[in-house]
Amino acid sequence: MSSTRLRGLGLLALAFAAGLVVALAAGAQTKPAPHPALSPEGRGRIKVGVLKLTSSAPIFVGVEKGFFKEFGVEPELVYFQAAAPIATALAAGQLDVGATGLTAALYNIVLGGEKLWIVADKGREWPGYPLVAIVVQKEAWENGLRSIKDLKGKRIGVTQLGSTFHYHIGNILEKEGLHLSDVKIVPLQAMPATVEALKGKQVDAILVPQPFPGAAEAQGFGKILAWAGDLYPWQIATVFYSDKLATDRARAVAFMKGYVKASRYYFDAALMQTDGHAAHGANYDEVVAITAKYTGARPEIIKLGFPFQDRNGRLLVTDIERQMSWWVANGFMKKTLPLKAVVDTSFVEEAVRGLDR
Amino acid sequence: MAVERLVVADRTAFLRRPDYRTVRVLALLGVVVLWELVTRTGWVSSLFLPAPSGVLAEGLDMARSGQLLVHLVTSLERLAWGFGVGAVTGVGVGVAVGFFALADAVVQPIIAATFPIPKIALLPLLILWLGIGEASKVAVVALGVFFPMAINTYAGVRQADPLLIRAAVSFGAGRWSVIRKVVLPSALPMIFAGLKLGAGTALLLLVAAEQIAADAGIGFLILQSGNLMETTRLMVGIVVLSLLGVASYWAIGALERAVIRWRHT
């Protein structure tokens, strides 16, 4: 009796395993349904993976103002909940372009033998431009948690291990003479869960991007300890290409021209500063309205701040190298990649040359 | 007198179920070899499906550096506590409810109302009550083990032969003596069935619990590797889970044979 049952189980397991192999293979390898690239109408339709955050504003501006269309490509926005899955979807051939944070997952995908290319700036943590904040529990604040050094021995909530937040807090701690191992990093998977954990006092501090820090202060359970970009500036987000798009040179450059044009429009409207104070351009309200429309957030919240990025979309290439070294040093990557295996600035350079000014 | 020999085909041959021991081994090996080939030939990228050889190498690597042991010990500790607490309370409640009519009246409706709740759904609540430390993880495993244990023990107790109980009583056994010497032994097979069910549930809930705010454990290893897209390490975690499942099934089976000797000899 028991042997027949076992055999039944064995067969079931076999069928399941075979099914799994086939399903995984199909998911990973089958080419996405015939890309409409060749039909005259759909020529240049490009799938772009983004998060519904303020930091995706340049992409939203480019789509809304028709900058991409001007150069013959039409982006199709695909929305995600976290940065790492965008890199995965790109490697699996479900996206052509990713526009989001640089995570350890992205580098590990390239280490794992898949190709994708970091091609342009899509947002930096920069002094004076609020993006991600370290928010501490109100009670902890009142009990004297007032500086980075006070974080020693505390529980810090982030979304995922290997996320931009994880990288950022690690580097901020090091700048203050501490180390990642001096605190307890608590991965909570999603941004709302991170905020809830702070509210429920399960963590002492969290790293979250706008608009969450403002909301935490407004609701009274959190206190902004510092804006992370003031403490440690870095290339937090980039545009990256799938290998398929990168080899289709003409389309890749066309998309980049639209992006650079959008980036300039965004920069001139929202990022100009004089003497450290925001000096909004003529199109500021328009950019706010577009961002509000695509993110679904209220304009007042959008106005709290736009993240900095290079006007021409040029990358901080040296920072990419530094990021990889840090991930390796902290055990989240096995080894660093040569820059030329993961960064390709030729698209943005060609696009900038092809546009006037 | 000539004997006429008539050869008759055994028409029930198709009902026979030979053991096919070699086929079983070959089937498992075949899957592994196929899996290896599929990735070796590059038909499927090793990022999406790491080769078994790579998983083995990574597993050995992690075992040598000691991190696998840390994850395994952490998980086993949580399992032991959760399983122990769940099983003991489950058996206790099951016996009480099965034996005492008053306990039955009080507890049965409560179990009926709480049993269908998927225990994973309680995890966020348990975290609110008990914090993100060990207590909430142990509690969710214990809850998952408690219900199959209580329900199976109850059924086992109710199945105890009334004739045997009466016989024991007529030989002068008291209430506790009857429970200990007649009811519990006759419920044992059902209790062990409950243990096997509970072991599977415990693994499932452990992994779920370790994916929230843990910093060690097999579930954490799987989550972290997934977050970092280190698929080979992820696969190591899954293989370890599979081995844990097989090992617990085997261990409970061995315990059952040792405890219920009268059934197997």
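Predicted model: local features only at pLDDT ≥ 70, side-chain atom pairs only at ≥ 80, totals over all residues.
Figure 1. A:Pro192 is classed as partly exposed because its C-beta neighbours inside 10 Å number 13, whereas 20 or more would be required for a buried residue. The view also includes A:Ile134, 58 residues apart from A:Pro192 along the chain. Between the C-alpha atoms of A:Pro192 and A:Ile134 the separation is 15 Å.

**Figure 2. Strand E1 of chain A and its pairing with strands E2 and E3 of chain A.** Strand E2 (residues 74–80) of chain A runs parallel to E1(A), and 7 bridges join the two. Within this pairing, A:Leu51 has A:Phe80 of E2(A) as its bridge partner. Strand E3 (residues 97–101) of chain A also pairs with E1(A) in the parallel sense, here over 3 bridges. In E3(A), A:Val97 stands opposite A:Val48. In a regular strand, side chains alternate between the two faces of the sheet.

**Figure 3. Packing of helix H2 against helix H12 in chain A.** Two packed helices are described by the angle and the distance between their axes. For helix H2 (residues 57–64) and helix H12 (residues 249–271) of chain A, the axes come within 8 Å and cross at roughly 110 degrees. H2(A) is therefore roughly perpendicular to H12(A). On the H2(A) side, the contact is formed by A:Ala57, A:Pro58, A:Val61 and A:Gly62. These meet A:Gly258, A:Tyr259, A:Ala262, A:Ser263, A:Tyr265 and A:Tyr266 in H12(A). By residue class, the contact of H2(A) with H12(A) contains 7 nonpolar and 3 polar residues and no charged ones.

**Figure 4. Contact between domain 1 and domain 2 of chain A.** The domain assignment of chain A places 43–124 + 235–354 in domain 1 and 132–231 in domain 2. Taken over C-alpha atoms, the centres of the two domains are separated by 25 Å. In the contact, 20 residues of domain 1 of chain A meet 14 residues of domain 2 of chain A. On the side of domain 1 that touches domain 2, helix H4 (83–91), helix H5 (104–111) and helix H15 (317–329) of chain A each supply at least two residues. The residues of this side of domain 1 divide into 13 nonpolar and 7 polar, with no charged residue.

Methods: Residues numbered from 1 in each chain as written. Chains lettered and ligands numbered in written order. Domains from an automatic or database assignment. Contact = placed C-beta atoms within 7 Å. Helix = DSSP H or I, 4+ residues; strand = E, 2+ residues; numbered from the N terminus. Nonpolar A, V, L, I, M, F, W, Y, C, P; charged D, E, K, R; others polar. Buried ≥ 20, exposed ≤ 12 C-beta atoms within 10 Å, placed from the backbone. Pairing = 2+ DSSP bridges. Axes fitted to C-alpha atoms, helices over the stretch in contact; angles between N-to-C directions. Parallel < 35°, antiparallel > 145°, perpendicular 65-115°, else oblique.
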